[in-house]
Protein chains: 2
Amino acid sequence: MALPATYKQMLSTVTADAELRLELVEKDLPTPKTGEILVRVEATPINPSDLGVMFGWTDMDKATTSNSGADSVLSASVSPQGMQVMKARIGQNLPVGNEGAGTVVAAGDDDYSQSLIGKTVAIMGGGMYAQYRCVPAMMALPLKDEHSAKDGASCFVNPLTALSMVEVLKMEGHKALVHTAAASNLGQMLNRICAADGVDLVNIVRKTEQADLLKAMGAKYVVNSSDDDFMAQLTDAVHETGATLAFDATGGGTLASDILTAMEMAAARTPSDYSIYGSTKHKQVYIYGGLEVAPTVLSRSYGFAWGVGAFLLPNFLAKAGMDVAARLRARVAEELTTTFASNYTDEISMIDALQAETVAKYNAKATGEKFLVCPQQGL
Amino acid sequence: MALPATYKQMLSTVTADAELRLELVEKDLPTPKTGEILVRVEATPINPSDLGVMFGWTDMDKATTSNSGADSVLSASVSPQGMQVMKARIGQNLPVGNEGAGTVVAAGDDDYSQSLIGKTVAIMGGGMYAQYRCVPAMMALPLKDEHSAKDGASCFVNPLTALSMVEVLKMEGHKALVHTAAASNLGQMLNRICAADGVDLVNIVRKTEQADLLKAMGAKYVVNSSDDDFMAQLTDAVHETGATLAFDATGGGTLASDILTAMEMAAARTPSDYSIYGSTKHKQVYIYGGLEVAPTVLSRSYGFAWGVGAFLLPNFLAKAGMDVAARLRARVAEELTTTFASNYTDEISMIDALQAETVAKYNAKATGEKFLVCPQQGL
């Protein structure tokens, strides 16, 4: 198949006059050098971390789309506070899309790169919302023959994040963990990992159907934050499992604080775990998402052995080291369509992704909703 | 001097019917065993951490005092939430007063204990709001001959907390630090330590007279949170010093979050310190007090490399190890009336400390106000 001379790539820009712009830009198709491969991107998910790069601290409720088709421009005005926070990116045209998968259509002159031609590979390297992406061959994860680009599109972010949670548990000496927004794709993966590894997991969901889904998967501890006796349920589950670590995808509101309160009340049931200053074992909540944009509110009614902090996958992998990263990656490739299977509720083109009404849907980050961008569609 | 047969000790109790009671209880004077000393307590400070044990999660605004003199009983009702949080201490009669100093009046039969008779010593061992306290001789820090019990009353909590902040800075690899309620006794000590150790310190105060006091001491970076341009001042000071660590005595409200925001805005001025996910260096705020009882509110507009957590001196010392604790303690004894000098605005008896109108004063935790309890007075 002949390759085109140019391709479309999505770029996000915060302009000096306080406007956020996303649009498709025409680029010359690169020729892969030695050690590089050119991948036709066929499937790339929209993760919350992608939304962070696409929209940053812009309120997208009043975003509009001008022009149409490949010339569509999505724009929104940025608040003064947003401009402060995004100062470092003003004027830069940022490629978007952390991860994705596709077919290798050209390669450098070395044997390894050449051996990948025609293969389906997964990549985590940024700039995946594009028809083509040229990357070092070593960065690509070749999929098994039976796996499609769609199977491998979400190979990195969710699987490695879920695996990292269990790594953090082991590294920091915790016994069990709590997870919020637990019916998400990532939450389902985490349930499968914890079941396989024998780690107790307390799932927090917001809806009965989410609780039912996890219970049907075999989850033992599922508590619903919409129930009147949520705190009692959560305290019981934390007490039974001994969980002192939580990963929170919501971030805003009181949920992180509620989890720490439940951990404190559970510890108070065991006098040896408790001093006059509160529970003695360190209790930690990592916020890894921002489904709730409201501020995080901490009541601090849980003694003096607690922490709340942000969790970002690249920072964790850098700290954990290459051996850990390689071990986690190998497990993902092996268990791609079992432990790490992803479900998508919508498949859209890059043009669709620039339409304000579609943005409203995928930016809502509803649990269970997951969008896949197919860059070959519509162009 | 003949010793009495009994002595008075202050005890704090949360009863099963939701009442907090503080009163003086008569105890038999113990005879020190081998390796022990009996100390006549002459001076013991009221630290915020003492208030935590005395009152816990009780709202003291409606506290009342019944009876009078040595029979005074301070009481207040405890809210249902307070009872939940204080579950582990219900029904226990807790001694109060973390640290203090006094004269050794009796000792066990071993040489070391005997050698301390007549000496002024400082102790951190709890139960110091009492006329007498029997402790292992090894726990006592003998003061130099020229130092009084009042000089040594606050030998441990504030000095070791201030020294620990600089230890944390070194252990966690930070370059400079931010401190709130910076004109406090502890804050003044920290200024002297940082000046001696060559560590840049950004002082946050709330009032002009507090800023003036610190500047007169030679503090280079003092910002006033009541100023309209507080955030700009703070960001400049953080940028100049490179501070990525803060210790916050206030706890509640947005101050911890404001500090992280200033650190983020300072990082954004240096492109190499900044990625699309925000600043790359970890920014940490430790909350070591609760001057503001309101919840902590975190805006999270500072990327993905931040943490907020509680700091408690005994937990830190346990983690740092005996060698570090011994090194810090030796420095305190050496620099007791210089670096670690404390000022007291009020000296009260244990009976005074049980009067509701006096509680209102020392429980207000106003910066610059510091109460010393003199257990030999009034009884």
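**A salt bridge, then the interface**

Start in chain A. R269(A) and D236(A) form a salt bridge, with their closest N and O atoms 3.0 Å apart. Look at where the partners sit. D236(A) is in helix α8, residues 230–241 of chain A, and R269(A) is in the loop between α9 (255–268) and β16 (274–275), so the pair ties together parts that are 33 residues apart in sequence. Keep in mind that this is a predicted model. Over all chains, a search of the whole structure finds 20 salt bridges.

How many salt bridges cross the interface of chain B and chain A? Zero, by the rule used here. Polar contacts are another matter. The rule finds 14 residue pairs in polar contact across that interface, both residues at pLDDT 80 or more.

Now the elements on the chain B side. α1 (48–55), α2 (80–85), β15 (251–253), α9 (255–268), β19 (292–298) and β20 (306–310) of chain B each supply at least two residues of the side that touches chain A. Which of them gives the largest share? β19(B), with seven residues. By type, the residues on this side of chain B divide into 23 nonpolar, 15 polar and three charged.

Next, the extent of the contact. It takes 41 residues from chain B and 42 residues from chain A. The area buried between the two chains is about 3400 Å², and carbon and sulfur atoms give 63% of that. Three residues deserve a name: Y277(B), R300(B) and F304(B). Together they supply 20% of the area that chain B buries against chain A, more than any other three residues.

Do the copies meet through the same surface or different ones? The same surface: 100% of the interface residues of chain B are also interface residues in chain A.

On to the symmetry. Chain B can be laid on chain A with an RMSD of 0.1 Å, using a turn of 180° and a shift of 0.1 Å along the axis. The two copies are thus related as by a two-fold rotation axis. Which C-alpha of chain B is nearest the axis? That of V297(B), 2.3 Å from it.

That valine turns up again in the strand pairing. β19 of chain A, residues 292–298, pairs with β19(B) in the antiparallel sense, over three bridges. Within this pairing, V297(A) stands opposite V297(B).

Last stop, some strands within chain B. β7 (residues 99–107) and β8 (residues 120–124) run antiparallel and are joined by five bridges. Here T103(B) stands opposite T120(B). β8(B) also pairs with β10, residues 141–142 of chain B, again in the antiparallel sense, over two bridges. There V121(B) stands opposite P142(B).

To recap the interface: zero salt bridges by the rule, 14 residue pairs in polar contact, and β19 of chain A paired antiparallel with β19(B).

Note on methods:
Residues numbered from 1 in each chain as written. Chains lettered and ligands numbered in written order. Predicted model: local features only at pLDDT ≥ 70, side-chain atom pairs only at ≥ 80, totals over all residues. Heavy atoms only, no water. Least-squares fit on C-alpha atoms with pLDDT ≥ 70 in both. Contact = heavy atoms within 4.5 Å. Buried area = accessible area lost by both parts, 1.4 Å probe. Salt bridge = Lys/Arg side-chain N within 4 Å of Asp/Glu carboxyl O. Polar contact = N/O pair within 3.5 Å; in protein donor to acceptor, adjacent residues only side chain to side chain. Helix = DSSP H or I, 4+ residues; strand = E, 2+ residues; numbered from the N terminus. Nonpolar A, V, L, I, M, F, W, Y, C, P; charged D, E, K, R; others polar. Pairing = 2+ DSSP bridges.
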